[in-house]
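Please keep the sequence and the structure in view while reading.

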Amino acid sequence: MSQRSWIAEAMGVGEKDLLKRFREAADQPLKCQEVEASQAPCQEVILKQADVLRLLPIPTHSEHDNGPYITAGLVIARNPTTGIQNVSINRIQVHSGNRMAILMLPRHLLAFYKEAESRQQALDVAVVIGVDPLTLLASQAVVPIDHDELEIAGALHGRPLPVVKCQTNEVRVPASSEIVIEGRLLPSVRELEGPFGEFPRYYSAREHREVIQVDAITHRKSPIYHTIVPAEMEHLLLGSIPREATILAHLQRSFSNVIDVHLSIGGVGRYHLFVKIRKIHEGQPKNVICAAFGAHYDIKQVVVVDDDVEVHDPRQVEWAVATRFQADRDLVIIQGAQGSVLDPSTTVGQDFGPGVVPPAHMQGISAKMGLDATRPVVYHEHVFTRVRVPGELEVDPETVVQSNARIDWHTGAVSA
Ligand code: MN
């Protein structure tokens with residue numbers, strides 16, 4: 001998953017249709033198809049007394065990581081109220097053969113857990129390792145609670161995803177996956193987890209986290225163990241592409257002239273958003289900026305550019321900021337909003353002193369910055385016209401230039 005073009009290939013579309021195809025799948029999910037255990041490759045081998053550490057080659061990834069981590073595990077759980085499943089990827093530190101600590105950000109899995117814990121009940125989970133690229137991508141869809149990400153995986157495949165019931169609980173997992181760890185998130189139990197090198201290329205602190213008790217492991221014969229190397233391209237793109245699709249749809253609901261969005265790699269695929277618009281009103285880029293901050297709390301900086309700027313090229317975006325932006329009138333700053341708890345420049349790292357962890361409701365408080373780097377709708381003559389050489393995009397020097405060719409510079413005729 002570490003190249004945009006490979007992800008497009010897995011989806012069977014060109015790169016320019018990537019977000020559109022993902023959005024269509026997220027909007028039109030397909031119900032999963034349940035199969036018998038005998039038809040599920042992920043249950044070819046069933047181990048009820050398995051030792052996670054001895055069985056699986058779980059790496060310790062970064063220099064200061066506290067130990068081995070499962071980084072490509074799809075955590076699947078059921079909403080205790082509705083029974084509808086949720087899929088997310090969470091970092092999981094393996095403490096022993098049957099106990100693992102998990103980081104749950106304030107999203108759907110945590111909501112399920114809190115609900116179960118309020119009744120002093122465990123939450124059944126499955127940690128699925130080794131799925132196809134489309135299921136992996138679907139797991140990261142930014143959709144409301146009770147939208148089952150496995151149904152989005154089915155839509156991406158164009159047919160219902162085969163799932164099988166776990167051996168020790170009611171969770172349904174992709175039948176063709178390589179390895180499934182079945183377990184329970186225990187109520188009222190916390191164990192220390194971290195430090196761990198995360199996607200912003202910093203370590204997150206050692207803190208008390210929720211704990212999974214492992215009940216069983218099932219796997220294919222000769223399973224493949226998948227790990228995601230933290231902060232590298234696979235990690236960044238898995239998060240950024242589904243978010244881009246959701247953010248684009250969110251913005252287009254209010255602004256039909258928003259054309260494209262990109263979460264830059266330099267902005268760790270999460271924090272910096274570039275938006276391309278066909279501007280029709282001088283005030284609109286600032287409305288777009290405000291709407292973008294509402295699309296996902298991770299977004300920290302938004303740059304709005306015109307339709308002659310390629311948002312996938314950070315050099316072009318910087319050019320637009322350099323030549324179409326004035327800080328005294330084009331800058332928007334919002335103080336004290338909710339940001340990413342993994343961004344070390346938020347309150348996590350600042351106000352509470354060394355080693356003091358702020359309570360969850362005080363973590364990740366962040367400022368937001370928006371830059372309107374668009375040119376005026378109406379401008380005099382060529383003052384904001386981008387310089388182009390006619391034909392520069394169409395001509396391919398590889399095919400029109402021959403070595404030792406003789407060129408008649410008046411007619412353009414080429415002779416060998
Ligand atoms: Mn969800």
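## Terms and basis

On a 1 Å grid over the protein atoms alone, a pocket is an open set of points with protein on both sides within 12 Å along at least five of seven lines, whereas a cavity is a set where a 1.4 Å probe fits but cannot get out; lining residues have an atom within 4 Å of a point.

The model is predicted: local features need pLDDT of at least 70 and side-chain atom pairs count only at pLDDT 80 or more, while totals for chains, interfaces and linings use all residues. Residues are numbered from 1 along each chain as its sequence is written, and side-chain values use heavy atoms, with hydrogens and water left out.

## The second largest pocket

The second largest pocket holds about 220 Å³ of space, a volume being the space filled by probe spheres set on grid points that are joined across faces, edges and corners. Its lining consists of Lys31, Cys32, Glu34, Arg78, Gly83, Ile84, Gln85, Asp148, Leu150, Glu151, Val163 and Arg172.

By class, six of the lining residues are charged, four nonpolar and two polar. Here Asp, Glu, Lys and Arg count as charged, Ala, Val, Leu, Ile, Met, Phe, Trp, Tyr, Cys and Pro as nonpolar, and the others, Gly among them, as polar.

Strands (E, at least two residues) and helices (H or I, at least four) are DSSP runs numbered from the N terminus, and two strands pair if DSSP finds at least two bridges between them. An open sheet of three strands has the order 1-9-10 with mixed pairing. Its edge strands, each pairing on one side only, are strand 1 (33-34) and strand 10 (172-174).

Strand 9 (residues 162-165) runs antiparallel to strand 10, and three bridges join them. Val163, which also lines the second largest pocket, has Pro174 as its bridge partner in strand 10.

## The manganese site

The manganese ion has three protein donors, Asn86 (OD1), His108 (ND1) and Glu149 (OE), at 2.1 to 2.3 Å. Donors are N, O and S atoms within 2.8 Å of the metal (3.2 Å for Na, K and Ca), and water is not among the atoms, so sites may look incomplete. Along the chain, the donors follow the spacing N-x21-H-x40-E.

Asn86 belongs to strand 5 (residues 85-89) and His108 to helix 4 (residues 108-118), a pair 22 residues apart that links distant parts of the chain. Asn86 is buried at 4% relative accessible area, and His108 is buried at 11%. Buried means under 20% relative accessible area, exposed over 50%, and partly exposed in between (1.4 Å probe, protein chains only).

## Strand 16 and its neighbours

Strand 16 (residues 272-277) has five of its six residues buried. Strand 15 (residues 258-263) runs antiparallel to strand 16 and is joined to it by five bridges; Val258 stands opposite Ile277.

With strand 17 (residues 301-306), strand 16 pairs in the parallel sense over six bridges, and Leu273 stands opposite Val302. The chain passes from strand 16 through helix 8 (residues 284-295) to strand 17 in a right-handed β-α-β crossover. Right-handed means that, with the strands pointing away from the viewer, the path from the first strand over the helix to the second runs clockwise.

## Backbone exceptions

Most residues other than glycine have a negative phi, and most peptide bonds are trans. Gly194 and Pro195, however, are joined by a cis peptide bond with omega about 0°. Ala231 has a positive phi of about 70° and is buried at 6% relative accessibility.
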